Amino acid sequence: MSYSAAKNSQMQKKLRQEAKALLEQGKVDCIIGYEPGSLKHATTPLITKDKAATERLVINPFIVNNLSNFLPYTKGRIGIVAKGCDSRSIVSLIQDNKVKREDLFILGVPCSGLIDVSKVEALVGKYRDEIDDISRQGDIITVKVGAAKKEFSLSQVMFDNCLACELPTPAEYDVLLGEPTSPIGAAAESAGKLDELKAMTAAQRWAFWQNEFRRCTRCYACRNVCPACYCKRCFVDETEPQWLAPMPQEPDNLMFQIIRNLHVSGRCTDCGECERTCPVNIPLRALTRDMYDIVDELFEFKSGMDTKTQPLLTAYEVDEAEDLVK
Amino acid sequence: MADSKKVRKEDLAGLLTEWSRDYAVLAPSRADGVARMAAWDGEDISFLDWYRNTINPVKSLFLPPVEEMFSISRNERGHRIELPPKDDTGCLVFGVRPCDARSLILLDVVFEDAYEDPYYLDRRRRSIVVGLCCTNPCDSCFCTSVDSGPAATAGMDIMFTDIGDNLLVEGISRKGKELVAGNATLAKATRTDENRARKIRLAAEKKITRKIDTGDSKERLLAVFEDESFWQQVSAKCVSCGVCTLLCPTCYCFDINDAMTGGEGSRCRSLDSCAFSSYTKMPMENPRADKWRRVRNKLCHKYEFYPMLFDNIACTGCGRCIRLCPVNWDITQVLDSLPAKHESKI
Ligand code: SF4
Ligand code: SF4
Ligand code: SF4
Ligand code: SF4
């Protein structure tokens, strides 16, 4: 099904009705969705018990946050808006006993991909707030700055993880808000950081990452927005013993990220949130997606695709990945 | 604008080169893909076209994300403690925006208050802050609501304003005035130049549409302090990362850690954040285990506690916390939503 603004607003209408009814009928205690953000071309999470607030819920190509991240910290029964990638994180959280399926009402959004505003900024040479309009019709994105108008293809402006997304329509949901969508399948067309890095020698790659992580602030936004990072006590906060220096310095910054990446392997759904939120633009997805592919290659496993497949780290077969340890 | 000077844009690199003889010159750069102050490379002034503000605030030059306080080594008689080698180089930071320049005034007070912090103050004494008037503020900027504005000069030694082919140059502090007065590259500005600057500044100020009433925010925060349900609601979407504090130009909390191997190493201090659940975990438990208490602290520190102590709002309206927050938590919306004093329960 090709994208159209009209279909999108139908979905949004349906979402508002469903969410309101859920609260009115007492089927859920709160709704987690998106509302317009305070910046242009942006949305912000809406977590509410107020049925009037459901009028503010939106669905558009800027609903970036992976809302499943809030589930382990939210009490009661929850109505949650979920795109494909978010639904995979939800499934993973259910399997990890972080949230109970019966406490959730999943409002599934068949997703057509999200627009990466920083890509648009780079393409038109303007900042987010200088861009008047970004709209999508079918597979064309139209950007307006003053009187000027430019058109772009999906592979130019969608998030890298959306171009590579394998499950845009949630497999796990209680109500699907629109007709199922199919993957964009244009990962190969975007010059992602990962390909660039794979073409390097190991020494070059090491130098690249050391340089990138020099500017890491240790703000832990990457960890705190990640649904797979739900540990109450993160190894990096441990003081006895202290695994890593708690200061923003090398090599601890890179070590932190490498360990985090190992910890979320088999649970990372390539939602792209860690990379999107890094305030100093470290291309974190080049690490997490590589791990995602390695997990798939070695164990034929992709997390959160369905509730039936056992989570990677709880399943073991005697003959699996014989060549893993050489 | 009396005694203002000007320099042609094509002569700016020459001027910075001149200053490089006496100072380590820093200027906006995006060499690694992120806008930040970096050692000026001796030629690039393209920032005049793209630069709005840096991701890391100017505080990071004076209160760096991490620094060594002293080193610890072992000898026959025990341990030896040594201060880092003294650095006497002057530093000239070119292109500091008015909000960031103002943040330095707010930080100075803190680092001079109960005791004098030699690390911070030494760097401050050795520095020249050359400001750059904002001509293209962001939609997240709200400096005009906190006693500042795109052309405010507080905290600057010199201010530059882009007036087209030229930059208008004004000495602000005594140090700055001296530096400007004796400089042969600078020409005297005409009345037309000054008028043009005035117009540009007015236009910039008009572009700032994000406005909040901070007149009684201190009292309103005080009144709503105990209202847990208000703070629960306000903090619901915050993910407790360090973005809005570590990158805030006025947040100054730090942590101190020893980096030791085999009894040798150094004592370091690094920025900390009250948004972290592990904050103050070293000496004790975090007294603000609940997220809503941490969010409350961040806001109250800037708009209630600091104003009580130093009679000034500890927020410069730079808008970084709005632009960079992973969930678009917006400090101006929250301040706006504070109940009026009489509506509060207490
Ligand atoms: S989000 Fe970026 S800067 Fe922050 S801790 Fe993660 S990698 Fe470092
Ligand atoms: S590691 Fe990054 S991409 Fe993977 S689930 Fe976490 S936030 Fe999403
Ligand atoms: S940047 Fe946003 S999410 Fe992070 S601590 Fe601040 S308000 Fe919370
Ligand atoms: S609180 Fe936000 S707007 Fe205020 S100075 Fe800090 S980062 Fe800037």
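With which residue does R77(A) form a salt bridge? The model is a predicted one, and in it the partner of R77(A) is D29(A), with 3.4 Å between the closest N and O atoms. R77(A) sits in the loop between strand 2 (43–48) and strand 3 (78–82) of chain A, while D29(A) sits in the loop between helix 1 (5–24) and strand 1 (30–36) of chain A, so this pair ties together parts that are 48 residues apart in sequence. Side chains of opposite charge can pair in this way when their charged atoms come close. Over all chains, the count of salt bridges comes to 43.

Two details of the backbone in chain A deserve attention. Most residues other than glycine have a negative phi, and most peptide bonds are trans. N97(A), although it is not a glycine, has a positive phi of about 60°, and this residue belongs to the loop between helix 2 (84–95) and strand 4 (104–108) of chain A. The peptide bond that joins E250(A) and P251(A) is cis, with an omega of about 5°, and P251(A) is placed in the loop between helix 8 (221–224) and helix 9 of chain A.

The ligands can be taken in turn. Ligand 1 is surrounded by 13 residues, the closest being C216(A), C219(A), Y220(A), C222(A) and C278(A), and its shell has ten nonpolar, two polar and one charged residues. Around ligand 2 the residues include C226(A), R260(A), C268(A), D270(A), C271(A), E273(A) and C274(A), and by class this shell divides into five nonpolar, three polar and three charged residues.

In chain B, the surroundings of ligand 4 include C248(B), C315(B), C318(B) and C321(B), with K302(B) and R320(B) also among them, and the shell as a whole consists of seven nonpolar, three polar and two charged residues.

Finally, how is chain B divided by the domain assignment? Domain 1 of chain B takes in 5–66 + 75–206, and domain 2 takes in 217–343. Taken over C-alpha atoms, the centres of these two domains of chain B are separated by 26 Å, and 31 residues of domain 1 are in contact with 31 residues of domain 2.

Note on methods
Residues numbered from 1 in each chain as written. Chains lettered and ligands numbered in written order. Predicted model: local features only at pLDDT ≥ 70, side-chain atom pairs only at ≥ 80, totals over all residues. Heavy atoms only, no water. Near = heavy atom within 4 Å. Nonpolar A, V, L, I, M, F, W, Y, C, P; charged D, E, K, R; others polar. Domains from an automatic or database assignment. Contact = heavy atoms within 4.5 Å. Salt bridge = Lys/Arg side-chain N within 4 Å of Asp/Glu carboxyl O. Helix = DSSP H or I, 4+ residues; strand = E, 2+ residues; numbered from the N terminus.
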